[in-house]
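Here is a note in numbered points, meant to be read beside the coordinates.

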Amino acid sequence: MFGQFAVGSALIVLSIAVHAGFMALAARAVRRREAWLRRPPALARLGLALALLSLWLMAGMSATVWIWALYFLWSGALGDLEEAVYFSLISFTTLGFGDIVLDRPHRLLSGMLAANGLVLFGLTTAVLIDLIRSLHSAQAGPRSGG
């Protein structure tokens, strides 16, 4: 049991670190393109930036699913890559169909994977909202204090 918590904790730390890298790169991209975002047409630029940021952050979450899937495959918890990716995705999103379950030496990891997904969805939502606010303020430009 403690081994599962140790492995699960390590996978959570790794996945958060990877996803934090994706989030940092997204924030950096917004800052670097602030001048471009200020130019009209503002709504079209905001829409494009939002779509690209969303896709990028989804790629970060996909990387987490792959990290867990590769662990399940490597550890022998699941039999093939498709099954490992499917199980990881279903567990990460907390959908949990139950058509694939882990055996006793690994079953606590499914709950840890679901918790990992909840945390990363929350972090991603917070970062996306912050980036949207940054995009809006970049388009509004500096405000005069008069």
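1. On the basis of the note: the model is a predicted one, in which local features need pLDDT of at least 70 and side-chain atom pairs count only at pLDDT 80 or more, while totals for chains, interfaces and linings use all residues. Residues are numbered from 1 along each chain as its sequence is written, and side-chain values use heavy atoms, with hydrogens and water left out.

2. Helix α1 (residues 2–32) packs with helix α3 (residues 42–75) at an angle of about 160°, and their axes lie 9 Å apart; axes are lines fitted to C-alpha atoms, for helices over the stretch in contact, and angles run from 0 to 180 degrees between N-to-C directions. The two helices are therefore roughly antiparallel, a label for angles over 145 degrees, whereas those under 35 count as roughly parallel, 65 to 115 as roughly perpendicular and the rest as oblique. By class, the contact of α1 with α3 has 19 nonpolar, five polar and no charged residues, where Ala, Val, Leu, Ile, Met, Phe, Trp, Tyr, Cys and Pro count as nonpolar, Asp, Glu, Lys and Arg as charged, and the others, Gly among them, as polar.

3. On α3 and α4: α3 packs with helix α4 (residues 81–92) at an angle of about 130°, their axes being 8 Å apart, and the pair is therefore oblique. Among the residues that meet here are Trp66, Trp68 and Phe72 in α3 and Phe87, Leu89 and Phe92 in α4, contact meaning heavy atoms within 4.5 Å. By class, this contact of α3 with α4 has 14 nonpolar, two polar and no charged residues.

4. On Thr124: this residue lies in helix α5 (residues 107–140) and, at 7% relative accessibility, counts as buried (buried is under 20% relative accessible area, exposed over 50%, and partly exposed in between, with a 1.4 Å probe and protein chains only). Leaving out residues up to four places away in sequence, Thr124 touches His19, Met23, Leu57 and Met61. With the side chain of His19, the side chain of Thr124 makes a polar contact at 2.6 Å, that is, a pair of N or O atoms within 3.5 Å, of which, within protein, one must be able to donate a hydrogen and the other to accept it, and residues adjacent in sequence count only if both atoms are side-chain atoms.

5. Beyond residues up to four places away in sequence, Phe5 touches Leu108 and Met112. Leu108, placed in helix α5, is likewise partly exposed, at 31%, and its contacts outside four places in sequence are Met1, Gln4 and Phe5.

6. Thr94 sits in the loop between α4 and α5 and, at 42% relative accessibility, counts as partly exposed. Gly76, in the loop between α3 and α4, counts as exposed at 52%.

Conventions. Helices (H or I, at least four residues) and strands (E, at least two) are DSSP runs, numbered from the N terminus.
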